[in-house]
Amino acid sequence: MPSFDRIGVLGAGRAGTAFARAAARSGIDVQIASTRTPTQMRYHLMQYAPQARAVLAEEVADGVDLVILAVPQEDLDDVAPAWFTDRILVDATNRWHDEPLPEWFEKGLASGLSSSEVIAQRFDTATVVKALNHISHWAMDTPAADEERAAAVASDSPSAAKVVADLVSALGFAPVVASSLAAGRHTEPGTPYFNVAATSEQLARHFLA
Ligand SMILES: NC(=O)c1ccc[n+]([C@@H]2O[C@H](COP(=O)([O-])OP(=O)(O)OC[C@H]3O[C@@H](n4cnc5c(N)ncnc54)[C@H](OP(=O)(O)O)[C@@H]3O)[C@@H](O)[C@H]2O)c1
């Protein structure tokens, strides 16, 4: 049974550190990595994610069941699929139209796949779940005001989706789960609830349609 007492976060920018802060508020330990060494990240993390432990990128999945991917898609050529073998990989990335993408990414999109499906093809020894991509780092720091904000979870694996739904709840959002990774395209930039708060009912109407 996977657990998320401790998770990994790859990418220590706006999104990655916001996920790390939210996880820390929920009592979840975080190991976080970027292109920099732990020593090089020290001052950055003191400011943006003081409770997270810096590790090397190739160690971000060591000893955890789940890693959140928070690296720009244009940089994914430098992220080795082998790091995530047998892990749940939460794809929190987005495709921006002006972003130059690796060739394999462009090819996958051109074949009609959603960006998460392309990532699942590339990271094929992990179980990919699309989640957390449509919530900005600002909102990640201030979830659930008077009504719980909904967050989409999409995966072809029901068990991995359940784990990620539990994580999303722990971070302060109401998970709405779709039973296919392909459904994640309904949360990409340009869709109605990208960076727009929604209740579970509103999100479900759009996301599960
Ligand atoms: N910003 C948001 O509110 C938000 C919310 C949800 C999802 N997202 C998505 O999350 C992704 C990242 O966005 P961001 O705004 O966090 O970008 P960002 O602020 O530019 O941060 C990118 C991070 O990725 C790291 N990185 C780049 N290449 C890497 C590699 N090969 N290995 C390890 N780490 C690497 C960078 O490392 P260095 O620090 O060493 O340069 C940096 O820490 C995007 O796809 C974005 O759409 C963003």
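Guide: Happy to. In helix H3, residues 103-110, the buried positions are Trp104, Phe105, Gly108 and Leu109. Here buried means under 20% relative accessible area, exposed over 50%, and partly exposed in between, with a 1.4 Å probe and protein chains only. Viewed down the axis of H3, the buried residues fall within an arc of 135°, so they line one face of the helix; the arc is that of the directions from the helix axis to the C-beta atoms. Glu103, Lys107 and Ala110, on the other side of H3, are exposed.

A word on conventions: this is a predicted model, in which local features need pLDDT of at least 70 and side-chain atom pairs count only at pLDDT 80 or more, while totals for chains, interfaces and linings use all residues. Residues are numbered from 1 along each chain as its sequence is written, and side-chain values use heavy atoms, leaving out hydrogens and water. Helices (H or I, at least four residues) and strands (E, at least two) are DSSP runs, numbered from the N terminus.

After H3 comes glycine 112, with a positive phi near 100°. The cover over the buried residues of H3 includes helix H4, residues 115-122. Two packed helices are described by the angle between their axes and the distance between the axes. For H3 and H4, the axes come within 9 Å and cross at roughly 125°; axes are lines fitted to C-alpha atoms, for helices over the stretch in contact, and angles run from 0 to 180 degrees between N-to-C directions. That makes H3 oblique to H4, given that angles under 35 degrees count as roughly parallel, over 145 as roughly antiparallel, 65 to 115 as roughly perpendicular and the rest as oblique.

From H3, Trp104, Phe105, Gly108 and Leu109 make the contact, and from H4, Ser115, Val118, Ile119 and Arg122, where contact means heavy atoms within 4.5 Å. These residues divide into five nonpolar, two polar and one charged: Ala, Val, Leu, Ile, Met, Phe, Trp, Tyr, Cys and Pro count as nonpolar, Asp, Glu, Lys and Arg as charged, and the others, Gly among them, as polar.

Serine 115 is buried, at a relative accessible area of 0%. Setting aside neighbours within four places in sequence, serine 115 is in contact with Phe105 and Leu109, and also with Gln73, Arg95, Lys130 and Glu188.
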